[in-house]
Amino acid sequence: MAFAAFSGGSEKSEYKVPRKNSTKVALALLLPGMIYLALFFITPLVSLVATSLEVPDASGEIGRYQYGFEIGNYWYVIQTYWPHIARSFVYALAATILSLLISYPLAYFIGVRARKWPLIQKLALALVIAPFFISFLLRTFAWKQLFSNESWIVTTLQSLHILAPDQYLVGTDFMVIFGLTYNFIPFMTLPLYTALERLDLRLLEAGSDLYATPAKVFRKVTLPITMPGIISGTLMTFIPIAGDYINASRDFLGSSGTQMIGNVVETNFLRINDYPSASALSVLLMAAILGLVVFYVRRSGTEDLL
Amino acid sequence: MNKPLPQDPMMLELIKMARRHQMTRRTALAGAGASALALALAACAPGGNNTKLTPAKDVSATDKSLVWHNWSLYMDEDDKGHYPTLERFTKESGIKVEYKIEIDDNDTYYGKVKDQLLQGKDIGADVACPTEWMAARWVNNGYVQKLDEANIPNKANLAPAYLGASFDPNRDYTMPYQGIIGGLTYNKKAYKEATGKDAPTSVADLWDPALKGRVGVLSEMRDTIGIILMSQGIDITDPNSLTSDAFMNAIDFFKGKVEDGQVARIKGNSYSEDLNNGDTIAAIAWSGDTVQLNLSAGEEKYGFVVPDSGSTISADLFLVPMGATHKANAEALINYYYDPKNAAELAAWVNYVTPVVGAKEEAMKIDPTLAENQLIFPSEEFMANTKSFRSLTGKEELSFSKAFQEILLGA
């Protein structure tokens with residue numbers, strides 16, 4: 001799905017109905033892929049679900065669980081961690097909208113305006129991808145340093161009375177959403193660019209020939225045509241952001257007030273060795289994202305992406 | 001689902017083909033069967049096993065080698081990346097040591113090796129150095145081989161403060177590698193500017209409103225809550241004083257400090273970054289790091305104090321897991337590092353508290369100012385005010401760490 005989504009739209013191609021006796025060959029060709037899926041997707045998934053239903057064993061020691069059909073684990077994690085689940089989706093929504101607002105003009109410039117200057121277009125595209133050459137962790141860490149309590153950004157904001165003297169940026173909701181937006185902007189820009197790059201400018205001309213204002217042309221022509229790019233871009237940012245645990249981590253831009261579902265999974269898995277709760281949360285996150293994506297794609301009428 | 005089929009013959013053919021391949025009841029059942037099989041397999045994974053473990057066969061006599069799992073920056077290292085004391089050990093004993101920096105965090109290390117430990121299998125190390133509380137869990141669960149005192153004559157050099165731990169009172173199963181003192185580290189200049197005082201003296205000084213948002217604590221429960229408990233007059237070594245109620249009381253207090261923004265940073269090893277960039281002015285932190293922070297700052301920028309109510313002390317312990325096959329070699333290694341000369345050389349580099357008596361005198365010969373450093377070679381008065389967190393039962397550990405982690409996760 002991801003690759004189909006990344007291409008930004010469906011292209012019509014000549015299609016030949018395969019002959020019947022090629023089914024065996026097709027199956028044989030599919031086999032490695034199926035084995036791979038079974039080993040590295042189905043098995044971990046089943047193991048995850050099985051773990052999410054485990055119960056503590058008789059020893060009562062930390063991290064010791066045995067198989068039991070305990071659906072109650074799911075209720076427990078929802079009751080205990082609903083604020084973190086809600087926070088994850090609010091952060092993901094905010095960061096996705098912000099990156100869409102930033103990326104669309106950027107992609108429009110690269111894909112449409114810069115067509116006249118191919119060199120600038122290539123350069124701008126390279127600049128969008130350039131941050132990937134440096135580790136994600138390192139870049140996030142750099143922001144933490146830039147926004148640290150003694151940094152000129154914070155001291156300036158404090159002297160302008162935008163921040164109170166005992167208010168800082170690192171560890172706030174703002175900082176985490178900032179980090180998430182920054183880190184996932186390329187995932188939004190690239191699908192938008194592929195959609196905008198193919199935009200037929202004659203359609204825009206036709207729109208203004210019919211006395212539409214530029215705003216109306218944008219709303220009625222550009223936006224609908226690039227909708228597949230917007231859908232794939234938002235999916236490619238929203239899904240990883242909802243599961244992200246680096247930006248919100250106490251070691252990076254977050255604090256104990258900004259922990260997301262990924263941080264809760266980490267804590268349960270590594271700190272208190274509560275594997276069933278961690279697994280139940282992971283299953284819930286997967287199910288919630290899958291549900292949201294299906295709903296979203298249906299609503300926006302681009303089922304062909306799925 | 002019931003849209004009329006398209007008229008285009010090619011599309012019609014494609015849709016029919018797709019329908020033929022759609023999931024039939026039979027394939028659905030097969031899928032369910034496969035999942036059930038996988039679930040059953042998953043259920044067979046190692047679970048509770050209460051049989052007593054037995055030590056693996058010791059092949060030290062024929063195989064002069066050994067694998068050691070340890071923490072980073074925990075071994076003297078020269079400019080070329082060699083470990084001088086370790087290489088001398090190999091030269092003297094003929095035992096080749098594979099030194100692996102494998103432990104980054106007690107919990108994650110435990111997560112990595114626990115399935116092997118449970119079955120008494122080889123965890124890939126003949127000797128490892130987890131922190132005391134984790135080592136206690138291993139000893140209590142019977143995951144650790146008993147050490148042979150005859151092979152460690154230098155055990156006589158063990159500082160008496162390290163004897164008497166409830167899980168291993170005579171150090172039959174574990175031996176301290178380096179001691180770790182938890183106390184208050186502060187940025188001297190920034191602390192003076194913020195509060196007008198020269199240095200914090202008690203835990204209460206951390207709750208000064210002038211430090212709001214600039215206080216850090218360790219994400220290590222036993223140090224942070226231990227120090228808070230002591231400031232509330234609790235004896236953390238005594239099960240009658242450190243009860244579940246007392247613990248939860250301290251947790252509530254700590255929670256208030258996190259929620260009102262007084263404590264801004266709760267971290268593990270990475271807290272030194274916050275001291276470096278000035279985010280944190282005062283913190284509950286480890287002594288050895290303060291020495292290293294000052295070294296990298298090139299000046300005595302940070303101070304370390306034991307709060308008047310007392311400090312926590314803990315240690316990383318040598319232990320030999322049940323599945324290890326080179327116990328005698330490991331004992332030779334432990335004995336080597338209990339020689340005061342070697343201990344002094346090691347302490348001079350790693351800057352943690354050495355548990356070896358006589359190391360201070362040896363250090364005097366290498367570097368007298370170093371030997372004067374209370375944080376590496378603490379005096380008896382200094383040690384008198386440090387206590388170690390009592391060992392917890394499995395149930396206590398689970399409920400205590402849950403309560404602590406809940407604060408770290410916030411609501």
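Me: Which residues are buried in helix 2 of chain A?
Reply: Helices (H or I, at least four residues) and strands (E, at least two) are DSSP runs, numbered from the N terminus. A residue is buried if 20 or more other C-beta atoms, placed from the backbone, lie within 10 Å of its own, exposed if 12 or fewer, and partly exposed in between. By that count, the buried residues of helix 2 of chain A are Val46(A), Ala50(A), Thr51(A) and Ser52(A).

Me: How are the residues numbered, and which pLDDT do local features need?
Reply: Residues are numbered from 1 along each chain as its sequence is written, while chains are lettered from A and ligands numbered from 1 in the order in which they are written. The model is predicted: totals for chains, interfaces and linings use all residues, side-chain atom pairs count only at pLDDT 80 or more, and local features need pLDDT of at least 70.

Me: Where in helix 2 of chain A is there a kink?
Reply: The bend at a residue is the angle between axes fitted to the seven residues ending there and the seven starting there. In helix 2 (residues 23-52) of chain A the kink is about 40 degrees. It comes shortly before the proline Pro32(A), at Leu31(A).

Me: What percentage of the residues in chain A is buried?
Reply: Chain A has 12 helices and two strands. Its C-alpha atoms fill a box of roughly 75 × 75 × 35 Å along the principal axes. Of the 306 residues in chain A, the buried share is 36%.

Me: Is His161(A) buried or exposed?
Reply: Most residues other than glycine have a negative phi. His161(A) has a positive one, near 65 degrees, and sits in the loop between helix 6 (152-159) and helix 7 (173-197) of chain A. Because 8 other C-beta atoms lie within 10 Å, His161(A) is exposed.

Me: Is Arg171(B) buried or exposed?
Reply: Arg171(B) is another residue other than glycine with a positive phi, near 55 degrees. Its loop runs between helix 5 (132-140) and strand 4 (174-187) of chain B. Because it has 20 C-beta neighbours inside 10 Å, Arg171(B) counts as buried.

Me: What is the bridge partner of Leu184(B) in strand 8 of chain B?
Reply: In strand 9 of chain B, Ile180(B) has Ser314(B) as its bridge partner. Leu184(B) has Ile284(B) as its partner in strand 7 of chain B. In strand 8 of chain B, the bridge partner of Leu184(B) is Val305(B).

Me: How far apart are the C-alpha centres of domain 1 and domain 2 of chain B?
Reply: The domain bounds, from an automatic or database domain assignment, are 65-178 + 315-376 for domain 1 and 180-313 + 392-409 for domain 2 of chain B. Residues are in contact if their C-beta atoms, placed from the backbone, lie within 7 Å; here domain 1 gives 11 residues and domain 2 gives 10 residues to the contact. The C-alpha centres of the two domains are separated by 26 Å.

Me: Which element gives the most to the side of chain B that touches chain A?
Reply: In the contact between the chains, 38 residues of chain B meet 39 residues of chain A. Among the elements of chain B giving two or more residues to that side are helix 1 (9-20), helix 2 (25-43) and helix 4 (106-119). With 10 residues, the element of chain B that gives the most is helix 16.

Terms used
Contact = placed C-beta atoms within 7 Å. Pairing = 2+ DSSP bridges.
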